[in-house]
Structures are given as structure tokens and as C-alpha cells.
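Please take a guided walk through the structure shown below, with your viewer open and a selection tool at hand. Each stop names what to select and then says what is there.

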Amino acid sequence: MRVYVFSFLPTKKIKKMLLKNGFTVSSFKPDIIVSYGGDGTFLNAERSYPSIPKLIVKKEKKVKDFEILEAELAKYLPKLKKGLFKIVEFDKVEAIFKNKRLVGINEVQIRNKLPIEALRFNVSINEKKFENVIADGVIVATLFGSTGYYSSAGGKKFKRGLGLCFNNPHNIKIKSIILNGNEEIKVKILRGMAYLASDNNPMLLNLKEGDEVLIRKSEEKAKIIKFRS
């Protein structure tokens with residue numbers, strides 16, 4: 001089995017453990033990615049190696065039940081080698097603007113470029129329309145990202161589909177909407193300059209008056225390794 005360790009931390013110890021357990025450590029067509037670090041490391045790993053199963057190894061603190069600590073890795077590697085695990089799939093969300101596409105495992109968002117100026121924009125969710133919204137932007141999150149930035153901006157909890165949250169709205173009472181995940185969301189900028197972003201992706205797309213973005217659930221899935229209890 002070919003495994004690649006994706007990390008911004010020293011990986012010599014992790015690689016040595018993998019080799020000891022009979023894995024081939026290589027970035028060439030890996031079967032599994034070990035994401036070693038924090039949440040940002042995983043987001044980068046998923047963006048660089050989409051849809052390849054990830055084993056999330058945290059340096060110190062784990063939050064989700066499929067994460068393991070570095071100190072636990074030695075006992076889990078034999079199970080990984082024997083295939084004693086399952087792969088849990090998570091939805092992603094994508095934004096299409098002109099000929100460019102951004103994909104997020106947490107969220108995609110449109111945000112005001114100038115923090116001192118709110119945006120004006122229209123949002124259509126299939127046939128449902130919100131016109132002339134005044135806000136700092138809009139966030140569309142997956143279940144995976146529902147406890148992150150989306151939640152801190154006031155988004156409602158949900159168990160499936162997607163969540164849409166208006167970021168600091170000024171003229172509407174609805175803060176967030178839970179979607180079934182089959183909708184097409186269109187956002188049109190009416191006034192102001194904005195960024196289109198996904199997760200912690202440093203590639204930001206500039207939006208201006210008249211620009212329209214399509215947001216929807218992606219066909220891609222994030223695949224995460226979870227060990228059987």
C-alpha cells in the first residue's frame with residue numbers, strides 16, 4: 001500500500017513508523033494520504049489530493065471521532081495495513097464563476113472586499129429569491145464545515161445537505177437557511193467589490209458589480225478513514 005504523509009511539520013518519525021509496518025511511502029499515486037497536523041493541514045491535503053482517502057493524525061488535540069493522535073498512530077497502523085477500517089464520505093460544495101471553479105470541504109463564501117463597506121447582492125435558491133440583500137457576504141457550508149466559520153457567523157445546525165448563512169445582514173431577518181443539497185444557488189453582486197473563496201484556499205477570485213456566481217453541492221466527495229471500534 002502506497003502512503004504519502006502530507007504535513008507542514010517534520011515527518012521523519014511518521015514515515016519511519018509507516019515503513020516499519022510495511023507501507024511504501026511515496027507521493028506518486030498514493031492509495032492513502034496521512035494528514036499530519038491541524039485542520040488547515042487537512043484542508044490543504046484534500047485540495048492537493050482530492051478524493052484520495054485521508055487518515056487524519058493530529059499533533060495534540062482531536063475533535064472528531066475519526067481523528068487520531070500522533071501518540072496513537074503506532075497502534076492503528078497494523079489495522080490500516082490489514083484494512084480494518086471504513087471510509088466515511090463527506091459532501092463538498094463548489095462555486096462556479098465564469099470558467100473557474102472553487103471546491104470546499106468546509107464552505108465557499110462571498111465576502112466584502114472592503115471591510116468598511118457592506119455588499120448588496122441578490123440570492124436565488126431555485127425559485128426562492130432574496131433581493132437587494134445588504135450584508136458582509138454569504139456562506140454556504142457542508143455538514144463537515146457546519147461547526148466552523150459557518151457556525152461562528154450564526155448559521156443554524158444541520159445534519160444533512162448544505163447550510164446557507166448571511167454574514168452580518170443588515171436588512172433581512174433570516175440569518176440562515178438549511179438546504180437539502182440539491183439546489184442551485186445563484187448570487188449576483190449589485191454593489192461593491194467582493195472575494196469568492198473556499199476553505200483556506202489562498203486563491204481568491206475577485207467579484208464586482210454585475211458578476212454572478214453559481215454555488216451547489218459538488219460531485220466530489222471527501223473520503224476519510226475511520227477505524228472500527
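**Before selecting anything**

This is a predicted model, in which local features need pLDDT of at least 70 and side-chain atom pairs count only at pLDDT 80 or more, while totals for chains, interfaces and linings use all residues. Residues are numbered from 1 along each chain as its sequence is written, and side-chain values use heavy atoms, with hydrogens and water left out.

**The whole chain**

Show the C-alpha trace first: along its principal axes it spans about 60 × 30 × 30 Å. Colouring by secondary structure brings up 4 helices and 17 strands, where helices (H or I, at least four residues) and strands (E, at least two) are DSSP runs numbered from the N terminus. Of the 229 residues, 49% count as buried, a class that means under 20% relative accessible area, with exposed meaning over 50% and partly exposed in between (1.4 Å probe, protein chains only). Among contacts (heavy atoms within 4.5 Å) with a separation of 6 or more, 62% are between residues 24 or more positions apart.

**The six-stranded sheet**

Now select β13, β12, β11, β8, β15 and β16, which in that order form an open sheet of 6 strands with antiparallel pairing; two strands pair if DSSP finds at least two bridges between them. Because β13 (176–179) and β16 (205–207) stand at the edges and have a single partner strand each, one side of each is left without a neighbour in the sheet. From one strand to the next the twist averages 15 degrees, with axes being lines fitted to C-alpha atoms and angles running from 0 to 180 degrees between N-to-C directions.

**Strand β17 and its partners**

Move on to β17 (residues 212–227), which runs antiparallel to β6 (residues 85–97) and is joined to it by 11 bridges. To find this pairing, select Lys-86 together with Lys-226, its bridge partner in β17. Strand β14 (residues 185–191) also pairs with β17 in the antiparallel sense, over 4 bridges, and here Lys-186 has Leu-214 of β17 as its bridge partner.

**Two nonpolar cores**

Which residues have the most contacts inside the largest nonpolar core? Select Ile-110, Phe-121 and Leu-164, which hold that place in a core of 29 residues; a nonpolar core is a set of buried Ala, Val, Leu, Ile, Met, Phe, Trp, Tyr and Cys residues joined through side-chain atoms within 4.5 Å. Strand β9 (residues 119–125) gives the largest share of this core, 4 residues. Around Phe-121, leaving aside neighbours within four places in sequence, the residues in contact include Phe-130, Val-133, Val-138, Phe-166, Val-187 and Ile-189. Another core, of 19 residues, lies apart from the largest one, and Met-17, Phe-23, Ile-68 and Phe-227 are among its members.

**A pocket and a cavity**

Next select Asp-39, Lys-64, Asn-106, Phe-144 and Gly-148, which of the 15 lining residues are the closest to the centre of the largest pocket. That pocket has a volume of about 230 Å³, and helix α2 (residues 39–48) supplies the largest share of its lining, 4 residues. On a 1 Å grid over the protein atoms alone, a pocket is an open set of points with protein on both sides within 12 Å along at least five of seven lines, whereas a cavity is a set of points where a 1.4 Å probe fits but cannot get out, and lining residues have an atom within 4 Å of a point. Grid points are joined across faces, edges and corners, and a volume is the space filled by probe spheres set on the points. The largest cavity, with a volume of about 30 Å³, is lined by residues including Asn-112, Leu-114, Glu-117, Leu-119 and Met-193.

**Loop residues**

Finish with Phe-28, in the loop between β2 (24–25) and β3 (32–37), which counts as exposed at 52% relative accessibility. Most residues other than glycine have a negative phi. Lys-98, in the loop between β6 and β7 (100–104), has instead a positive phi near 55 degrees and is exposed, with a relative accessible area of 62%. Asn-168, in the loop between β12 (162–167) and β13, also has a positive phi, of about 55 degrees, but is partly exposed at 36%.
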